[in-house]
Amino acid sequence: MKKRNQITLVFSFLFVSTFLFSQNERLIIGRTTGKLSIEKKAPIRTFGFTNSLSGQVTLPGSEIDMKVGDSINIDFWNISQGNPVSLYCRDIEFVQRTAENEVMTKKEPVHHMEHGFYSFVAQKAGTYLYYSPENYPFNLQAGMFGVIIIRSKETDVLPAKVLAEVLWCSTEIDPIWHTDAIMGTAYDTSNKPVVLPDFKPQYFLINGQIATKNKGLQVLANKKEAVLLRLVNAGLYGNEIQFPPQAKVRLISGNEKNLTTFSGACKVQLPPGECMELEVFLENVSDQEKIGYHFTDPVSKKISYNAGIPVFY
């Protein structure tokens with residue numbers, strides 16, 4: 001009878017949430033049961049953020065899309081079995097509240113099967129990375145991260161007609177970090193961090209897939225139309241993105257120091273945790289050109305992985 005009541009309670013919550021969560025409200029679920037299939041090998045276990053109990057974990061996880069001036073309330077439900085987790089964004093100040101809607105002067109992680117309540121006001125247009133900071137960088141690398149997109153209210157921010165918006169969110173995976181022996185570590189009441197081996201990634205991903213499998217940036221038939229490219233580095237390695245010389249790139253948001261011109265071509269240096277928005281013009285780029293996407297070891301500063309991504313598809 002107790003089990004039946006628990007099931008009824010869960011379904012009641014889902015039924016009610018369908019009607020209660022409006023445009024400025026989000027349900028984000030933290031879970032440790034994700035699986036990622038890479039190169040037809042055995043699935044790799046991941047953590048992640050979803051917006052429903054039946055939702056599959058993706059990299060990145062739940063996306064938050066809003067406009068400048070909007071406010072948002074987040075109900076974060078932690079159904080993971082490991083250490084408590086929370087939500088954090090380097091460039092956005094989250095306000096955490098109790099279930100009684102009182103502001104918490106000291107932010108606290110959310111324990112298993114409990115809810116955490118967060119809110120913030122969108123103040124600056126751009127693309128942002130949010131993640132679980134507990135056991136950093138373990139939870140982040142395990143997959144507990146997502147993207148926040150804040151759009152400008154003005155309609156003339158982009159002078160060119162943009163038909164396509166593309167998100168490239170990068171990360172790396174060390175399969176040793178994703179074994180049950182590590183990912184299944186039980187919660188330690190002393191709050192000791194998970195003991196991890198040296199990080200030696202074997203997979204370098206964009207949007208949860210091997211970077212070389214990225215289909216491209218723009219549909220060939222639309223090469224005269226500008227593309228809004230959102231770049232997010234959710235990994236521990238640096239990213240270097242090199243555009244063909246014929247491409248014209250304009251910074252929309254992000255650190256302007258990360259965008260340089262090298263031998264007539266635009267190059268982006270994107271450190272871990274940083275994001276950029278670029279308007280890319282491809283009309284004069286030849287059909288067979290590629291974009292160089294490099295993953296750089298933070299210690300040796302050498303390129304560990306190089307992907308040639310087609311400009312057009």
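Two strands pair in these legends if DSSP finds at least two bridges between them, and the strands themselves (E, at least two residues), like the helices (H or I, at least four residues), are DSSP runs numbered from the N terminus. The views show a predicted model, in which local features need pLDDT of at least 70 and side-chain atom pairs count only at pLDDT 80 or more, while totals for chains, interfaces and linings use all residues. Residues are numbered from 1 along each chain as its sequence is written, and side-chain values use heavy atoms, with hydrogens and water left out.

**View 1. Overall content of the protein.** The protein contains three helices and 20 strands. Of its 313 residues, 48% count as buried, a term that stands for under 20% relative accessible area, with exposed meaning over 50% and partly exposed the range in between (1.4 Å probe, protein chains only). When contacts (heavy atoms within 4.5 Å) are taken between residues at least 6 apart in sequence, 73% of them join residues at least 24 apart.

**View 2. Strand β13 and its pairing with β18.** Strand β13 spans residues 226-233, and eight of its eight residues are buried. Both faces of β13 are covered, with A226, L228, R230 and V232 on one side and V227, L229, L231 and N233 on the other. β13 pairs with β18 in the antiparallel sense over six bridges, and within this pairing V232 has C275 of β18 as its bridge partner.

View 3. E277, found in strand β18, is buried, with a relative accessible area of 6%. Its side chain makes polar contacts, defined as pairs of N or O atoms within 3.5 Å in which, within protein, one atom must be able to donate a hydrogen and the other to accept it, residues adjacent in sequence counting only if both atoms are side-chain atoms. One of these joins the side chain of E277 to that of T127 at 2.6 Å, and another joins the side chain of E277 to that of R230 at 2.5 Å. Leaving aside residues up to four places away in sequence, E277 touches G126, T127, L228, L229, R230, R250, L251, I252 and S253.

**View 4. A network of salt bridges that includes R151 and E165.** The structure holds eight salt bridges, each being a side-chain nitrogen of Lys or Arg within 4 Å of a carboxyl oxygen of Asp or Glu. Salt bridges link D65, R151, E165, R230 and E277 in a network. Between E165 and R151 the closest N and O atoms are 2.9 Å apart; E165 lies in strand β10 (residues 162-173) and R151 in strand β9 (residues 145-151), so this pair ties together parts that are 14 residues apart in sequence. E165 is partly exposed at 44% relative accessible area, and R151 likewise counts as partly exposed at 27%.

View 5. R250 is partly exposed, with a relative accessible area of 31%, whereas E279 is buried, with a value of 0%. In the salt bridge between E93 and K107, the closest N and O atoms are 2.7 Å apart; here E93 lies in the loop between β5 (88-89) and β6 (95-97), and K107 in the loop between β6 and β7 (114-121), 14 residues apart. E93 is exposed at 59% relative accessible area, and K107 is partly exposed at 42%.

**View 6. W168 and F243 in the largest nonpolar core.** A nonpolar core is a set of buried Ala, Val, Leu, Ile, Met, Phe, Trp, Tyr and Cys residues joined through side-chain atoms within 4.5 Å. Of the 80 residues in the largest such core, W168 and F243 touch the most other members, and β10 gives the most to this core, with six residues. Leaving aside residues up to four places away in sequence, W168 touches residues including I206, L217, L229, L231, V232, I291, Y293 and I309.

**View 7. Cysteines without a disulfide.** The structure holds zero disulfides, a disulfide being a pair of cysteine sulfur atoms within 2.5 Å. The sulfur of C169 has its closest cysteine sulfur in C275, 7.7 Å away, which is too far for a bond. C169 counts as buried at 2% relative accessibility, and C266 also counts as buried, at 13%.
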